[in-house]
Amino acid sequence: MGKPVHSILSKNFIADNDRTDWHDETLWMVRKKRDYASSQIPEWETLRQWASQIKAHTLSNLDHYLTVFEKNANANGIQVHWAANAAEHNEIIYGIIKQTGISSMVKSKSMLTEECHLNEYLQDKGLQVTDTDLGEWIIQLRKEHPSHIVLPAIHLKKKDVSDTFHQHIQTEKNNNDPKYLTTAARHHLRNIFIKSKLAITGVNFAIAETGGIVICTNEGNADMGVHGAAVHIACMGIEKIIPETLHLSIFLRLLARSATGQAITTYSSHFTSPRKGQQMHIVIVDNGRTRLLGNNNFRNSLKCIRCAACFNTCPVYRKTGGHSYHSIVAGPIGSILNPNTDIKANADLPFACTLCGSCSNVCPVKIDIHNQLWIWRQQISKEGYAGKTKSLSMKVMAYILSHPNVYRFSGNVFRMTLKYFPFIVKNKLNPWYRQREMPEAPKKSFRQWYIQKQKSEFKKQHIKKDS
Amino acid sequence: MNSRSNILKKIAENKPASESLPVLRFDDTIHYADKQAQFIKALQNVVAEVLEFYGYAAINTLYKNLQAAGKKIVNTIPEIDDVNNQLPSLSAENLAGVEIAFIKGLVAVAENGAVWVTEEQMQNRLLPFICEHLYLVIERENIVDTMHQAYQKIDTAASGFGVFIAGPSKTADIEQSLVIGAHGPKKTTIIIIN
Ligand code: SF4
C-alpha cells in the first residue's frame with residue numbers, strides 16, 4: 001500500500017487516546033450547539049427546504065445566473081475571471097499579483113484556494129502569503145493542512161499551538177492560555193495587515209442580482225485584509241451563486257447555526273463594489289464542478305455551503321480526524337467530492353462511513369449525503385477501484401472497537417458501540433460489505449431496509465444522548 | 001475568455017431540467033412579542049454590551065467623557081459631533097491607533113443581535129474592524145425580527161460595502177475556547193435609542 005488510505009491514516013490518529021477522545025467529544029459538543037440553535041427556530045425545516053430548492057433552481061440555471069452575476073459585477077467595477085481548473089486559477093491570480101508588483105499578501109479562509117494549492121504555488125514564485133484566520137495561520141506555521149473546513153486546527157491541542165507560537169513568534173514557553181496565545185497572534189498579524197496591500201479571500205455567497213459577494217467570518221480577518229488593501233482578489237467555485245439578495249436571509253440564518261451553533265457569524269460582509277481607488281477581482285472556478293453538475297447521482301453535492309455540520313455529527317470523522325481523509329475537504333461531503341476529482345486516489349473515502357445517515361439529517365441544504373456515499377461505493381466497486389480499501393476500512397473499525405481504551409470515558413463499551421458503529425451491534429459481520437459481494441442479492445430492498453434500520457438506531461441513541 | 005465559454009458551455013450541456021424557486025412565506029417565520037427584549041438577549045449571547053438611552057444627548061455626554069479621558073475616538077455620527085471629512089481617505093496606518101469608533105446602524109436583528117452598517121455610515125470601510133472598541137447606535141424602531149425582515153428593509157446594492165455586525169470579533173480556534181478580540185474590536189457596545 002504505497003498510497004495513504006483512510007483506514008491506515010486513522011490508525012495514526014487514534015493511537016493517541018486522549019487526543020482522540022477530546023476530538024470526538026469536542027465536535028460532539030459543537031454538534032449539540034447546532035441542535036440547540038436550530039431548535040430555537042420553529043421554521044428550521046422550512047428554511048432547509050427553501051435553501052435546498054433555491055440551490056436546486058440555481059444549479060438548473062447556473063449558466064444564466066453566472067452571466068447575470070458577471071454583468072452586474074462588471075457594472076460595479078469588479079473584474080471577473082474564469083478558470084477551468086486549479087492550475088488556471090493559480091495562474092490568473094499570479095498574473096494579477098505580478099501586474100501590481102506586490103510581493104507579500106494576506107489571505108483569509110478559502111477552501112477553494114486550499115483545493116487549488118494556491119499558497120504553495122505563490123510561495124514557489126517567491127511571494128509571501130500569510131493566512132490570517134487564526135486556525136489557518138497556526139497550521140500554516142506548522143506546514144500542515146486544515147483538518148476541518150470550519151475549524152481548521154481542531155486536530156491540535158493548546159500545547160501544540162503554544163509550542164508553535166513559541167518557535168515562530170517567541171511567546172513564553174509553555175504558556176498554553178488560549179487568550180494569551182490569541183492576543184499574541186493578534187499583535188503579530190495586525191502589523192502584517194497594516195502593511196499588506198493585497199488581500200485574497202474566499203466567497204460564501206455570490207449574488208447574481210447585485211453582482212456582489214458575501215464573506216462570513218467571526219474574527220474580522222477578511223475585512224481587516226481587504227479594506228486596507230489596494231487590491232482584493234476573491235475566489236469562488238461556480239456553485240457559490242444565489243439568485244437574489246433576499247435569499248441571503250435564508251442562507252445566513254442556516255449557515256452559522258449549522259456550523260457552530262451561533263445565530264450568525266460576527267461579520268457578514270457584503271462587497272458590492274471596490275473601495276474608491278481599489279482594484280477588485282473575482283475568479284470563478286470550475287475544477288470538476290461542471291462534471292459533477294452533469295451527474296444525476298452527485299449533482300446535489302454542489303448545494304453544499306461548507307458549514308461542516310456533517311463533519312461534526314459523523315462518528316467516523318469525530319473518531320478518526322480530518323487528516324485521515326488525505327484530502328483538503330474531509331468528512332462526509334469530502335468523501336463525495338474527492339472521488340469526483342480522482343476516483344482512484346480517493347476510492348477508500350466513501351467506505352469511511354457507517355451509513356448512519358446523521359449527515360443527511362443535519363445538512364442545512366438537505367443533501368442526501370449518505371445515499372451519495374452509498375452510490376459511490378457501488379460505482380467504485382464496479383469500476384474495480386475498491387481493492388483492499390473495503391476490507392481495510394472494516395479492519396480499522398474493528399480495531400477501534402477492539403481497543404476499549406478508546407471508550408474509556410464511557411465505561412460501557414456496548415453503549416458506545418451503539419453510539420459509533422450501530423451496524424456492528426446488529427450484524428457481527430458487516431452486511432453491506434458482504435451483500436455487495438453477491439450481485440444477485442436483492443440490493444434495493446436490502447438497502448432500504450438497512451438505511452431505515454440505521455436511522456432508527458441513530459435516533460434512539462441520540463435521544464438517549466441528549467436526554 | 002476561452003475558459004469562460006467552455007465553462008458556460010459545459011454547464012448548458014450538463015445542467016438538469018429547470019427547477020422552480022420555492023414560494024417564500026416570510027410572514028410565517030418567527031415573530032417576537034418583544035423585539036427589543038429578544039435583541040438584547042441575542043446581544044448577550046454574542047458578548048456585546050448594551051446601553052439604552054433616551055435621545056442623542058446621553059450619547060453626547062458619554063462621548064465627551066470618553067474624550068476627556070484622553071481616548072482616541074473617531075466619530076461618524078453628525079448628531080454626536082462634527083465628522084472629519086478626511087475620514088474616507090485614511091489608510092490602515094492612519095487608523096491603526098483608533099481606540100473607539102461611533103457608528104450608526106440602520107437595522108438591528110432581534111434573532112441574532114446583528115446590526116447593519118453601510119459605507120455611508122462608517123465613512124471608512126476599515127473603521128468598524130480596526131478600532132479596539134466599537135459603539136453602534138441603533139434606533140429602537142429599526143429593530144426587526146429576523147434576517148428576512150432585515151433584507152426587506154435594506155438595499156445592499158445601494159452602497160459599495162455593507163456589513164452585519166454581531167458583537168465583538170472572536171475566535172475559538174485554539175481548543176474551542178472562546179476568546180473575544182480576534183482581529184477586530186475587543187469590545188462592542190450597542191446603544192439603543194428609545
Ligand atoms: S454537505 Fe451539508 S452539512 Fe456538510 S458541509 Fe455541506 S452544507 Fe454543511
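## Burial and the D24(A)–K319(A) pair

A residue counts as buried when its relative accessible area is under 20%. In this predicted model, D24(A) and K319(A) are both buried. Their side chains form a salt bridge, with an N to O distance of 3.8 Å. The bridge ties together distant parts of the chain: D24(A) sits in helix α2 (residues 17-39) of chain A and K319(A) in helix α15 (residues 315-320) of chain A, 295 residues apart.

## Other salt bridges

Over all chains, the count of salt bridges is 26. One of them joins D16(A) to R19(A) at 3.4 Å, N to O. D16(A) is partly exposed, at 35% relative accessibility, and R19(A) is partly exposed at 22%.

In chain B, E119(B) and R125(B) are paired at 2.9 Å, N to O. E119(B) has a relative accessible area of 19% and so is buried, the limit being under 20%. R125(B) is buried as well, at 3%. Elsewhere, shared partners connect D21(A), D24(A), R318(A) and K319(A) into one network of salt bridges.

## T265(A)

T265(A) is found in the loop that runs between α12 (245-259) and β9 (267-271) of chain A. With a relative accessible area of 13%, T265(A) is buried. Its side chain reaches the backbone oxygen of Y267(A) at 3.1 Å. Leaving aside residues up to four places away in sequence, T265(A) touches C216(A), T217(A), N218(A) and A256(A), along with A166(B) from chain B.

## Ligand shell

The ligand is surrounded by 13 residues, and the closest are C304(A), C307(A), A308(A), C310(A) and C363(A). By class, the shell holds 12 nonpolar residues, 1 charged residue and no polar ones.

Key:
Residues numbered from 1 in each chain as written. Chains lettered and ligands numbered in written order. Predicted model: local features only at pLDDT ≥ 70, side-chain atom pairs only at ≥ 80, totals over all residues. Heavy atoms only, no water. Near = heavy atom within 4 Å. Nonpolar A, V, L, I, M, F, W, Y, C, P; charged D, E, K, R; others polar. Helix = DSSP H or I, 4+ residues; strand = E, 2+ residues; numbered from the N terminus. Buried < 20%, exposed > 50% of the residue type's maximum accessible area, 1.4 Å probe, protein only. Polar contact = N/O pair within 3.5 Å; in protein donor to acceptor, adjacent residues only side chain to side chain. Contact = heavy atoms within 4.5 Å. Salt bridge = Lys/Arg side-chain N within 4 Å of Asp/Glu carboxyl O.
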